[in-house]
Amino acid sequence: MSFYLVQFLTGLSSAAALFLVASGLSIIFGVTRVVNFAHGSFYMLGAYIALSLIDWMPRGVVPFWASIILASLAVGGIGLLVEMTILRRIYRAPELFQLLATFGVILVIQDAALWIWGAEDQLGPRALGLRGSIGILGERMPLYDIVLIVISPVVLILLNLLFKTTRWGILVRAATADREMVGALGVNQRWLFTSVFFLGSCLAGLGGAIQLPKGGANLLMDFGIIADVFVVTVIGGMGSITGAFLASVIIGELRAFGILLFPESTLVLMFLVMAVVLIFRPWGLLGKPEVPHGASHEIPDEPLRPLGPWVRALFTGIVVALIALPSVADPFTLVVTTEILIMALFATSLHAIMGPGGMVSFGHAAYFGGGAYAAALLVTWLDARMEIALFAAPLAAAMLALVIGWFCVRLRGVYFAMLTLAFAQICWSVAFQWTEVTGGDDGLLGIWPAEWAKTPLDFYYITLALTVAAIALLRHMVFTPFGFALRAGRDSILRAEAIGIDVARQQWMAFILAGAAAGLAGALFAFSKGSVFPDEMGIPRSFDALMMVLMGGIQTLSGPWVGAGVFTALHDWLARIAMWRLLLGLVIILLVMAFPQGIVGYLRRTIGPGRSA
């Protein structure tokens, strides 16, 4: 009994830092509607800055806790800088571009942290006066864990007092419910957003600093915490501080007892819980159904038009140039171009549901990786030929999308995005932990093309043919009755359903089609690399596709493959330079600020509407 009591208390202490970070993200999203992926970076900075301050200040209990508080305020200042210099300039851009900008901030902070603190993991100092342990019914428990258990409810109470007893807090709560109404009442939204971002960043920094004696600091903390934080925020309900606290406790206890009862399911357990919560209560445990906001901050979508004769001739010329490329290119250029073509198909498949369908997926890598693993498993375990694997991979990915899509199309907005992320993480966990079949972290090796297609030139032409055909099919879909019905559901669900369109069914079919195309891209990728690893289903791979679509322009049909070309070429070129993440992050931020409609969207507006689609 005493063992389980200590395990329960351990779960509560693990939930403390998670609650602090998640509450900050919940506050920021609730007011500004910014899906701030840089929140994990603020958490990491809190740990590093606290570490430096503790080393610099004299030893003692007061300097230790002063360092924690100062680190939190310093991270709040960094968040303030990010909000005022980057996000404030693009609040009127589509919300997804703010997501892209915060991803650029992640890359910048990663290399800045590497430059300042080095690549080695840093051990956290022991908290003076809290180094021992106490006995609980015969079991020992660290004293610092007890302090963490006390701190999180104290912060919860203070936050609730702040939001319920101060005028600023009342304005924040009002903005969470309806920020357009708050603006109409004359409240300076700009400074309200800035102050909220400062508070949210402070909480992220406090979460990172306070866990320092338990976990230390390392450069993987940002990506390590961000998925957990989103899970907690979504389960609790976006904008609900108490919900974030409740969800943190649930996740903390699931981890504490899950490792005892289901040790092989620890990676997937919290995503299963999030999926179940979103299916039965889409707005979270203590959240409220999302109120549609006015369209004043959105750039209205322009109607998509078929290609004009000049643009059609341009695209034909591009395809002819790609066919003729091997006559002038070396094998390395062919390999890079092959990867760009595969990424173009992957990005176009995501755009098929994001653009015409209005469904933003954070987990599209599930189908890319699903296709890659389907092909690799057929080759590894059934000794299948490449032709059979390339045919079966999109079918397997389509089946995966059929199951996942059935649940996802019932949700909207960020909740749809988070459910796709949850299912993608479940798929990743299966690939990672089912070592006997998938090879686990070691992946599956020896997935090479057939004998007749093994040279870079032969595989390049195979990839070019399949990619162009698949992209043409997806593009054609947009101008069919199915595509028009899909776009009608995106623009107005009520009006579309009023004229007899089954919007959920149309979105489900688009989801399956996009999954199949992503699966084909994944299979081609596996044969091009000769291997497949769980990373192909991971969050970074999904973000790569998101960035390609957004960089090219979500409101265009040509944007995905243009964005794929720019992003892949930039990544390959900058990866050879020291501090490449910082440079890539700055390029992404500059592109978002200079071209908030994407590269193709900007060119279309400059050249003139109606010239291209």
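## Overall architecture

The chain contains 25 helices and four strands. Its radius of gyration is 25 Å, close to the 25 Å that the globule rule gives for 613 residues, so the chain is as compact as a globular protein of that length. The model is a predicted one.

Along its principal axes, the C-alpha trace spans about 70 × 60 × 45 Å. Among contacts in the chain with a separation of 6 or more, 80% join residues 24 or more positions apart.

## Surface and charge

Of the 613 residues, 58% count as buried. The accessible surface of the chain amounts to about 25600 Å², and carbon and sulfur atoms contribute 70% of that area.

The side chains include 35 positive and 34 negative ones, and the centres of these two sets are 11 Å apart.

## Helix α7

Helix α7 covers residues 189-210, a run of 22 residues. From its first C-alpha to its last, α7 reaches 31 Å, close to the 32 Å expected at 1.5 Å a residue. This helix is mostly covered, with 18 of its 22 residues buried.

Trp168 belongs to helix α6, which comprises residues 167-184. Because its relative accessibility is 25%, Trp168 counts as partly exposed.

Leaving aside residues up to four places away in sequence, Trp168 touches Leu162, Phe163, Leu192, Ser195, Val196 and Leu199. Trp168 and Val196 are separated by 28 residues in sequence, and their C-alpha atoms lie 9.7 Å apart in space.

Definitions and conventions:
Residues are numbered from 1 along each chain as its sequence is written. Side-chain values use heavy atoms; hydrogens and water are left out. Helices (H or I, at least four residues) and strands (E, at least two) are DSSP runs, numbered from the N terminus. The radius of gyration is taken over C-alpha atoms; the globule rule is 2.2 Å times the number of residues to the power 0.38. Buried means under 20% relative accessible area, exposed over 50%, partly exposed in between (1.4 Å probe, protein chains only). Contact means heavy atoms within 4.5 Å. Accessible areas come from the Shrake-Rupley method with a 1.4 Å probe; for residues, only the protein chains shown count as cover. Lys and Arg count as positive and Asp and Glu as negative; His and the chain ends are not counted. The place of a charge is taken as NZ of Lys, CZ of Arg, CG of Asp or CD of Glu. The expected span of a helix is 1.5 Å times one less than its number of residues.
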